[in-house]
Amino acid sequence: MTRTAGAVTGPARRAPGPGAWFLVLPALIPILVFSVGPLLHGVLLAFTDAQSGRTEPTQWIGALNFQDLLHDTLFWESFRIGLLWALGVTVPQFLLALGLALLLSQDLKLRWLARALAIIPWAMPEVVVGIMWRLVYNTDAGILNETLRDLGLGDGRDWLSGLGTALPAVIVVGVWAGMPQTTVTLLAGLQNTPRELHEAAAVDGAGAWRRFRTVTWPALRPVALAITALNLIWNFNSFALVYVLTGGGPGGRTRLPMLFAYEEAFRYGQFGYAAAMGCVMVAVISVLLAVFLVGRLKGGEDA
């Protein structure tokens, strides 16, 4: 057998046989059953007049639900509130988590204890977090108002029922509850940054800010991009935390899109209309997320 000079031959790549698909099925079937299946059913439901308690068969009505949504000012107001909530939680959540991750990456005494304490909010269910913070914000006996009274800063406020304070108060809870997972993710990214690069930059006379800008941040950027995109999705689709804290009130000031769709489906029985809301939310957030990712990736290439 002869070989051409300089040519390197390797084993021919074979297409996966039928047996390979049987290895994938245990992971693929739950995804199809619990994710893809309900998603497709929800999309189909959005084109029907499905309602609870009706005796007549469900009818196919085409895009009528989506036409009604275009003129539903309450839904688009909830969408605006949802975007404010998602951005208001994600941005400070990332900045605070980045600072905490940088702190926990230093050689501090009892660092293991600080890391363990930092993830406690992550281990708590959202319902428990909501109940706990309702007690904190309680008008009469909440620790926040009691502290303000002790400091002579007034008689306290009704934080979760005030039209101007409800959304900021809920955003504070969202930041506190979601910061640990962002901190852990960024801390893992910091651990993968070669220490030799920091030492070399320090030898060259670079200060802490310059080392962060030229060494830490370039290595951390892919992780930061991924966790920020995920946080935007998770925060926009929040339900349990806000539902427990305010139920969407007062006056709809904290009614996120998921809460609005939930009320339409399970309080008013408009399943088809609620499904159309879900489709619109998925479409719009996908477009916004794509624009965000493209902008960040272009910014990374230009840097």
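Me: At what angle do helix α3 and helix α8 pack?
Reply: This is a predicted model. Two packed helices are described by the angle between their axes and the distance between the axes. For α3 (residues 73–104) and α8 (residues 166–191) the axes are 6 Å apart, and the angle is about 45 degrees.

Me: Which word describes α3 relative to α8, given that angle?
Reply: Angles under 35 degrees count as roughly parallel, and 65 to 115 as roughly perpendicular. The angle between α3 and α8 is about 45 degrees. Therefore α3 is, relative to α8, oblique.

Me: Is the crossing of α3 and α8 left-handed or right-handed, and how many nonpolar residues does the contact have?
Reply: As α3 passes α8, the crossing is right-handed. By class, the contact of α3 with α8 has no charged residues and six polar ones. The count of nonpolar residues is 21.

Me: How is α6 placed against α8?
Reply: Helix α6 covers residues 126–136, and its axis comes within 11 Å of that of α8. The two axes cross at roughly 135 degrees, and α6 passes α8 in a right-handed crossing. Angles over 145 degrees count as roughly antiparallel, so α6 is, relative to α8, oblique.

Me: Which residue forms a salt bridge with R80?
Reply: A search of the whole structure finds three salt bridges. In the one formed by R80, the closest N and O atoms are 2.6 Å apart. The partner of R80 is E77.

Me: Which residues form one aromatic cluster with F75?
Reply: A pair of aromatic rings is described by the distance of the centres and the angle of the planes. With centres required to lie within 6.5 Å, the count comes to 18 aromatic pairs. The cluster holds F75 together with W76, F79, F236 and F260.

Me: How far is R157 from the ring centre of W159?
Reply: R157 lies over the face of W159. The cut-off for such a contact is 6 Å from the ring centre. For R157 the distance is 5.8 Å.

Me: Is the peptide bond from G249 to P250 cis or trans?
Reply: Most peptide bonds are trans. P250 lies in the loop between α11 (240–245) and α12 (257–267). From G249 to P250, omega is near -5 degrees, and the bond is cis.

Key
Residues numbered from 1 in each chain as written. Predicted model: local features only at pLDDT ≥ 70, side-chain atom pairs only at ≥ 80, totals over all residues. Heavy atoms only, no water. Phe/Tyr/Trp six-rings, centres within 6.5 Å; stacked < 30°, edge-to-face > 60°. Lys NZ or Arg CZ within 6 Å of the ring centre and 35° of its normal. Axes fitted to C-alpha atoms, helices over the stretch in contact; angles between N-to-C directions. Helix = DSSP H or I, 4+ residues; strand = E, 2+ residues; numbered from the N terminus. Left-handed = near helix turned anticlockwise from the far one by under 90°. Nonpolar A, V, L, I, M, F, W, Y, C, P; charged D, E, K, R; others polar. Salt bridge = Lys/Arg side-chain N within 4 Å of Asp/Glu carboxyl O.
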